[in-house]
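Here is a set of questions and answers for a reader who is meeting this structure for the first time. Please look at the sequence and the model before reading on.

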Amino acid sequence: RPFKTEKDYLNHIGKEVEVKLLTPVKGSKFLECVLTGYDCNNIQVKLNDEEFKIPHQKIEKVSKAIKFD
């Protein structure tokens with residue numbers, strides 16, 4: 001399910017998440033990355049050894065990444 005509360009974000013720091021965006025960031029509207037931080041204005045993620053912030057207003061939804069082995 002999509003993250004809705006601050007607790008959802010804080011419980012998943014350090015874990016892989018899927019981020020669906022309203023506008024492209026790093027050339028894509030969909031990112032699979034590690035959630036490294038959260039505050040009231042942004043989430044911070046790590047993608048390919050690069051950390052950056054994404055403003056909440058650019059995010060459509062964030063959810064736990066599902067891995068199939």
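**Cysteines, core and rings**

At 65% relative accessibility, Cys40 counts as exposed, in a model that is predicted.

Q: Is Cys33 buried or exposed?
A: A residue counts as buried when its relative accessible area is under 20%. Cys33 has a relative accessible area of 3%, and therefore this residue is buried.

Q: How many disulfides does the count come to?
A: A disulfide needs two cysteine sulfur atoms within 2.5 Å. The sulfur of Cys40 has its closest cysteine sulfur in Cys33, 20 Å away, which is too far for a bond, and Cys33 is in no disulfide. The count of disulfides comes to zero.

Q: Which element gives the largest share of the largest nonpolar core?
A: The largest nonpolar core holds 16 residues, and those with the most contacts inside it are Val19, Leu31, Ile43, Ile54 and Val62. Two or more residues come from each of the strands β1 (16-25), β2 (28-38), β3 (42-47), β4 (50-55) and β5 (59-64). The largest share, four residues, is given by β1.

Q: Which residues does Ile54 touch, not counting residues up to four places away in sequence?
A: Ile54 is among the residues with the most contacts inside the largest nonpolar core. With residues up to four places away in sequence left out, Ile54 touches Val19, Leu21, Val25, Leu31, Asn41, Asn42, Ile43, Val45 and Ile59.

Q: Why is the pair of Phe3 and Tyr9 edge-to-face?
A: The count of aromatic pairs comes to two, and one of them joins the rings of Phe3 and Tyr9, whose centres are 5.4 Å apart. Planes over 60 degrees apart count as edge-to-face. The pair is edge-to-face because the planes of these two rings stand at 85°.

Q: Which parts does the pair of Tyr9 and Tyr38 tie together?
A: The rings of Tyr9 and Tyr38 have their centres 4.6 Å apart and their planes at 15°, so this pair is stacked. Tyr9 is buried at 8% relative accessibility, whereas Tyr38 is partly exposed at 25%. Since the two residues lie in parts that are 29 residues apart in sequence, the pair ties together helix α1 (residues 6-11) and strand β2.

Q: At what distance from the ring centre of Phe52 does Lys26 lie?
A: Lys26 is placed over the face of the Phe52 ring. The distance from the ring centre is 4.9 Å.

Methods
Residues numbered from 1 in each chain as written. Predicted model: local features only at pLDDT ≥ 70, side-chain atom pairs only at ≥ 80, totals over all residues. Heavy atoms only, no water. Core = buried A, V, L, I, M, F, W, Y, C linked by side-chain atoms within 4.5 Å. Buried < 20%, exposed > 50% of the residue type's maximum accessible area, 1.4 Å probe, protein only. Contact = heavy atoms within 4.5 Å. Phe/Tyr/Trp six-rings, centres within 6.5 Å; stacked < 30°, edge-to-face > 60°. Lys NZ or Arg CZ within 6 Å of the ring centre and 35° of its normal.
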